[in-house]
Amino acid sequence: MHLLYRQFFILITIVSINCKALEIEIFFESGIKIESQNIFLKKVSNISNKKDLEFFIKDESWIKDYSIRYIPFSSQAFIYITNREPIFVLNNEFFVDEDLKFFPYDYSKIDIHSVYGPVTRLDNVKTLIEFFKKIESSAIEIYYNHTSGWEVATNKYKVKFGKKLTEEKLNMLNDTINYLYDKRKVPDMIDLRYKDGVAINYGK
């Protein structure tokens, strides 16, 4: 097997593969970002016919969209792939993308948000990620359990939301963070579970 990589600044990666009976050129329209793509490249080199090639591609859950173009009267095939781009990892088992679609977590070494617990409200996870993306540059960890509810851990502090995640709590958190920034203070924990206001713990 011979792999030839060519990468462009618009994040399209082109890989040429000589298979048993096919000459395949693969265009990754978002570049190569997760380990599943590298595994795919190793496996596709063993495919020897067009029918198996199409079945193989359809079985890859990390592929969001694809098209195949065959050159008539030749063994050449061009595959154009748009991969799903994960926004978080759920319980170290699944990647979840912007459309809240699941596909297997492959332990790719990428900076990505992590979510833990019996989570059913994935829309809440997405809301938290979008909120913290505006104020934190690094990945966050989100925890949920039926007893204490939602909790977010950044690399600086923790935030406890309780069982209900509301717009009111997010607005309160935003105001609290702006206040702390103005005062040049970094808390250990921000607790939004109380009806009377926000509890701030600065640690020891």
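Which elements do the buried residues of α2 pack against?

1. They pack against β3 (23-28), α1, β4 (63-70) and β5 (76-83), where contact means heavy atoms within 4.5 Å. Helices (H or I, at least four residues) and strands (E, at least two) are DSSP runs, numbered from the N terminus.

2. This is a predicted model: local features need pLDDT of at least 70, side-chain atom pairs count only at pLDDT 80 or more, and totals for chains, interfaces and linings use all residues. Residues are numbered from 1 along each chain as its sequence is written, and side-chain values use heavy atoms, with hydrogens and water left out.

3. L53, F56 and I57 are the buried residues of α2. Seen down the helix axis, they fall within an arc of 95°, so they line one face of α2. The arc is that of the directions from the helix axis to the C-beta atoms. On the face turned away from the buried side sit the exposed residues K51, F55 and K58. Buried means under 20% relative accessible area, exposed over 50%, partly exposed in between (1.4 Å probe, protein chains only).

4. At the start of α2, a side-chain oxygen of N49 comes within 3.2 Å of the backbone nitrogen of K51.

5. S45 lies in the loop between α1 (35-44) and α2 (50-58). S45 is buried, with a relative accessible area of 8%. A polar atom of the S45 side chain lies 2.7 Å from the backbone oxygen of K42.

6. Y179 belongs to helix α4 (residues 167-182). Y179 is partly exposed, at 42% relative accessible area.

Note on methods. A polar contact is a pair of N or O atoms within 3.5 Å; within protein, one must be able to donate a hydrogen and the other to accept it, and residues adjacent in sequence count only if both atoms are side-chain atoms.
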